[in-house]
Amino acid sequence: MASSSSSNTYNSPCAACKFLRRKCMPGCIFAPYFPPEEPHKFANVHKIFGASNVTKLLNELLPHQREDAVNSLAYEAEARVRDPVYGCVGAISYLQRQVHRLQKELDAANADLVHYGLSTSTPNLVDLVFQPQPQPLNPVYRLPGVSPVMNQQPRGTGGSCGSFLPWNNGHDQGGGNM
Amino acid sequence: MNPKRCAACKYLRRRCPKDCIFSPYFPPSDPDKFACIHRIYGAGNVSKMLQQLPVQSRAEAVESLSFEAKCRVEDPVYGCVGMISLLQTQIQKTQTLLAKTQAEIAVAQAKHSQTQVNEFM
């Protein structure tokens, strides 16, 4: 885990300073998040965002937020390197289609369950098992056809994002282009 | 100065040449789009990315970059990765609910069949 301190905890230069061919000073803002063992992480981030933009982004955040910010930037950068046209938006598009498909299946299953509940002679059949409420589809982003271009304004979560962090579960979590 | 400079060249305060790589995708009517992309990626990086793509793919690339940049401005910690996380959570919950509902249907079907058999006997 990255130290919350901003001091350089590594004896060798961090991956960022190695890449940039500069001395890794104590207090290097990159050092806690770009260990020398992961050179590709910074290489991707630098290619897509640039070192100075990442520095500005990190400086605007509190120290405890920076590790997640760097990991999400690295995730986006890797997605963009793999898919230069759609990047992460390809994965979002794929996941939204999955959500939509699953919701339709759930609606159909609920309709079937109601059908059996109404047609049996056992009045409390439905009470014997859990009766799920239909989950509303969360249409945060509507897709025009199959294009992953989004119509609605994105809404930030400002620091919390559900129980999955893709870099904890591996990069293969449901992403169509990852 | 060309009065019809694209939003990128207006933002960068420079001439907009006829072969400007940004001008097809950053009309002057939408200055925020380039401002947002510039803030997150920088003009040089975007220019390089577009140059490496075939012309027919650039419009989609700009739209996806614009979307990701807006996400990052709104959520500087997670950007659009926050959305991926939420969608994955939603998928998992819906899959669990679907599995439960399908199990309940199986129980209901079995009871329904038993009821029909009993009625015939």
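Residues are numbered from 1 along each chain as its sequence is written, and chains are lettered from A in the order in which they are written. Because this is a prediction, local features need pLDDT of at least 70 and side-chain atom pairs count only at pLDDT 80 or more, while totals for chains, interfaces and linings use all residues; side-chain values use heavy atoms, with hydrogens and water left out.

Let's start with chain A. Its secondary structure comes to seven helices and zero strands, where helices (H or I, at least four residues) and strands (E, at least two) are DSSP runs numbered from the N terminus. Reading along the sequence, you get α-α-α-α-α-α-α. Of the 178 residues in chain A, 44% are buried; buried here means under 20% relative accessible area, exposed means over 50%, and partly exposed is in between, using a 1.4 Å probe and protein chains only. Chain A exposes about 9,400 Å², with carbon and sulfur atoms supplying 52% of that area (Shrake-Rupley method, 1.4 Å probe; for residues, only the protein chains shown count as cover). Take the chain A contacts (heavy atoms within 4.5 Å) with a separation of 6 or more: residues 24 or more positions apart account for 53% of them.

Chain B comes with some record-based labels. UniProt, in an unreviewed entry, places "domain: LOB" at residues 4-105 of chain B. UniProt positions are given in the numbering used here, feature names are shortened, and annotations may be inferred rather than shown by experiment. In the model, that span is 69% helix and 0% strand, and its end C-alpha atoms lie 64 Å apart. UniProt also has a "coiled-coil region" (unreviewed entry) covering residues 84-111 of chain B. This stretch is 100% helix and 0% strand, with 41 Å between its end C-alpha atoms.

Now for the interior. In soluble globular proteins, nonpolar side chains tend to be buried together. A nonpolar core here is a set of buried Ala, Val, Leu, Ile, Met, Phe, Trp, Tyr and Cys residues joined through side-chain atoms within 4.5 Å. The largest one has 52 residues, and the members touching the most others are A:Phe30, A:Phe49, B:Phe22 and B:Tyr41. Helix 4 of chain A provides the largest share, five residues. A second, separate core has 25 residues, including A:Tyr75, A:Val89, A:Leu113 and B:Ala108.

Leaving aside neighbours within four places in sequence, its contacts include A:Cys14, A:Phe42, A:Val54 and A:Leu58. The whole structure holds nine aromatic pairs; rings of Phe, Tyr and Trp (its six-membered ring) pair if their centres lie within 6.5 Å, and planes under 30 degrees apart count as stacked, over 60 as edge-to-face and the rest as tilted. A:Phe30 and A:Phe34 make an edge-to-face pair, 5.9 Å centre to centre with 70 degrees between the planes.

B:Phe22 lies in the loop between helix 1 and helix 2 of chain B, and B:Phe34 lies in helix 2, twelve residues apart. Both are buried.

A:Asn53, in helix 3 of chain A, is buried at 8% relative accessible area. Its contacts beyond four places in sequence are B:Arg39, B:Ile40, B:Tyr41, B:Gly42 and B:Asn45. A:Asn44, in helix 2 of chain A, counts as buried at 18% and touches A:Ala77, A:Glu78 and A:Val81, again not counting residues up to four places away.

Finally, the cysteines. A disulfide is a pair of cysteine sulfur atoms within 2.5 Å, and the count over all chains is zero. B:Cys20 is buried, at 7% relative accessible area. For B:Cys80, the closest cysteine sulfur belongs to A:Cys88, 4.0 Å away and too far for a bond. B:Cys80 is buried at 0%.
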